[in-house]
Amino acid sequence: MLRYTVRRLLQLVLVLFVLSLLLFIWLRSLPGGPVTALLGERATPEKREELNAVLGLDQPIIVQYFKFLGRVVQGNFGQSTGVSPGTSAVDVFITRFGATVELTVGAMIFGLALGIPLGYMAAKRRGGVLDNGYIVLSLIGIAVPVFFLAFLLKYVFAVKWGLLPPSGRQTPGIEATRVTGLFIVDGLITREWDASWDSVRHLILPWIALGTIPFAVIFRITRASVLEVQGEDFVRTAEAKGLTSKTIRNRHVLRNAMLPVITVTGLLTGLLLTGAVLTEKVFGYPGIGEALYLGFTKKDYPVIQVIILAAAAAFVIINTLVDLTYALVDPRIRAR
Amino acid sequence: MVTTFSRARKQRIDALVNSGDEGSSLLQDAWARLKGSPLFWFGAVIVGLFVVLAIIGPWIAPHDPGAQLLIDQTSRARNSIAPAQNGFPLGGDTQGRDLLSRMIVGARQTLLVGIFATLIGLVGGLILGILAGAFGGWIDTLVMRIVDVMLSIPSLLLAISIGVLFTNPNLTSVIIAVSIPQIPVFARLLRGQMLAQRESDHVLAARALGVKRGPIVFRHMVPNSISPVIVQATLVVATSILDAAALSFLGLGSQDVSQPEWGQMLGEAQGSIDSHPQLAFWPAGAIIVVVLGFTLLGEALREAIDPKNRR
């Protein structure tokens with residue numbers, strides 16, 4: 001177990017190293033570049049060269065990369081040049097990270113809370129009207145572009161009916177104490193209920209829009225997995241023993257059916273990050289997805305580097321955790 | 001002598017094959033199951049209509065999709081969009097062009113994005129997957145590490161990363177950006193299938209008979225590994241259309257306005273979505289239906305080729 005964990009962590013370092021090199025070369029081959037983005041198309045050549053020298057962009061790319069690597073191991077990714085000039089790219093990431101965590105975790109909970117029970121019910125009534133209805137629902141969840149659904153929700157509930165705020169993370173002017181960077185949690189800790197509730201109201205529509213992705217996937221996996229487990233011999237044995245259907249469901253069917261669901265939950269992290277870029281843009285939500293989008297439009301290399309490396313690291317770490325969770329859920333794997 | 005012997009043997013084998021009850025091949029079996037699946041027919045009809053529309057679209061469109069026919073009425077008030085009227089059942093778009101014609105003609109580009117993005121991803125994935133699955137050893141390790149790095153970036157982020165490399169994005173650049181994230185998916189799927197094949201009895205038998213590596217890989221391993229890859233390809237057509245629409249939404253889509261494409265139309269419509277949502281609803285609805293069609297088709301195929309469903 002320990003050996004396995006260490007090996008996965010070493011792999012992570014390797015992946016991040018290769019990725020940082022590729023990312024570095026790729027960013028420098030982008031058309032435009034930060035100097036044009038900062039000074040505009042019609043800046044004088046002298047000014048361009050001066051800024052190039054200040055940013056260190058006049059040196060050979062290999063020298064640039066090793067200087068970059070040397071700074072990165074000290075936790076310094078450089079200054080943001082476009083998203084919020086003057087602050088360090090890591091700070092930009094940290095302030096926005098909490099926002100995206102609140103968005104994606106909420107969307108994942110939405111997907112799990114809806115997908116697992118519906119998937120179970122659909123499997124129980126296989127071929128029935130309910131089953132087919134849920135399948136169509138989940139397929140539509142796959143087929144509708146996230147950003148279009150986000151627009152639709154925003155248009156109906158925020159613009160037309162005015163029930164919920166159309167954009168942002170918290171109403172400006174609301175007084176809230178910052179503790180963890182997670183606005184909802186902050187409000188609960190400091191007992192500023194109104195601040196918490198205000199954040200929740202801003203998040204309801206993004207949660208639903210983004211949550212359809214995990215919902216559709218988790219529903220389908222749960223349904224398929226429950227169908228498979230239901231046919232196993234041990235379920236028939238449990239039935240023959242005369243166990244109550246509740247015990248069979250909780251101890252025999254659901255517990256065994258959850259393994260594939262856990263795998264998929266890990267793999268969904270990538271999809272959620274992608275979806276977050278689109279959802280955050282529609283709702284003007286200040287998370288890392290929006291920062292990434294702004295980073296691209298303003299050629300903010302340091303910010304893009306931090307975010308993509310962090311996203312890749314999160315993806316690998318979460319999938320490692322998923323593999324470790326197997327052992328917790330399934331004692332057979334632990335024994336090996 | 002040799003020929004007569006082998007002919008006699010062939011006749012005996014044929015007699016044996018024909019004597020007992022006829023077994024059904026996996027393909028016949030899968031087709032039998034497909035025929036009875038309503039999901040399959042639903043998906044197949046949608047995809048069939050879509051392909052027909054993509055082929056004949058330019059001939060049945062009532063107006064030139066690029067001509068600004070409704071511009072005179074729209075120029076009076078800025079940002080106004082021509083409503084539905086005689087000869088223009090869906091009205092005009094932001095540039096005063098006929099929305100219905102653009103929808104009809106747009107089917108072709110949308111299909112091209114889906115098909116070509118899938119083909120590029122499929123070919124790239126097949127090459128990597130066959131390399132890894134056929135040779136094993138350090139080639140396998142190297143290829144799979146590349147695949148892991150590619151998979152560690154979420155697909156749309158990778159597509160965005162490639163999309164921003166092009167100064168003037170057009171349909172080709174969109175196709176390339178959308179297809180590259182699919183390569184590792186196909187590679188991983190094919191390699192997994194081929195690894196299972198490599199240990200199987202029929203490959204061992206072929207090896208024992210002295211068949212060379214090339215024929216073993218291409219006649220025995222690849223044909224037996226390909227069905228899940230084909231199913232995946234059907235689903236990737238749907239993903240590609242969605243990803244292309246997402247790129248358009250982020251402003252990285254095709255800038256070539258002479259060739260309408262549904263994703264691009266959806267991207268253009270976002271500026272006026274609060275005042276004229278119908279501009280977004282038509283292309284979005286079309287995308288949803290087509291993606292649903294390909295997804296249903298893929299799901300039905302997946303169920304049909306699953307040997308667990310054989311009776």
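Two residues are taken to be in contact if their C-beta atoms, placed from the backbone, lie within 7 Å. Among contacts in chain A between residues at least 6 apart in sequence, 71% join residues at least 24 apart. The model is predicted: local features need pLDDT of at least 70, side-chain atom pairs count only at pLDDT 80 or more, and totals for chains, interfaces and linings use all residues. Residues are numbered from 1 along each chain as its sequence is written, and chains are lettered from A and ligands numbered from 1 in the order in which they are written.

Chain A holds 14 helices and zero strands. Helices (H or I, at least four residues) and strands (E, at least two) are DSSP runs, numbered from the N terminus. The C-alpha atoms of chain A fill a box of roughly 85 × 55 × 40 Å along the principal axes. Of its 336 residues, 37% count as buried. A buried residue has 20 or more other C-beta atoms within 10 Å of its own; 12 or fewer means exposed, and partly exposed lies in between, with C-beta atoms placed from the backbone.

The interface comes next. In chain A, 31 residues are in contact with 30 residues of chain B. Helices H1 (2-28), H6, H7 (146-160), H11 (245-282), H12 (288-297) and H13 (301-329) of chain A each supply at least two residues of the side that touches chain B. The largest share, six residues, comes from H11(A). This side of chain A divides into 28 nonpolar, three polar and no charged residues. Here Ala, Val, Leu, Ile, Met, Phe, Trp, Tyr, Cys and Pro count as nonpolar, Asp, Glu, Lys and Arg as charged, and the others, Gly among them, as polar.

One helix pair joins the two chains. The axes of H6 (residues 129-143) of chain A and H13 (residues 278-305) of chain B come within 9 Å and cross at roughly 120 degrees. Axes are lines fitted to C-alpha atoms, for helices over the stretch in contact, and angles run from 0 to 180 degrees between N-to-C directions. H6(A) and H13(B) are therefore oblique to each other. Angles under 35 degrees count as roughly parallel, over 145 as roughly antiparallel, 65 to 115 as roughly perpendicular and the rest as oblique. H6(A) contributes A:Leu139, A:Ile140, A:Ile142 and A:Ala143 to the contact, and H13(B) contributes B:Ile288, B:Val291, B:Leu292, B:Thr295 and B:Leu296. Eight of the contact residues are nonpolar, one is polar and none is charged.
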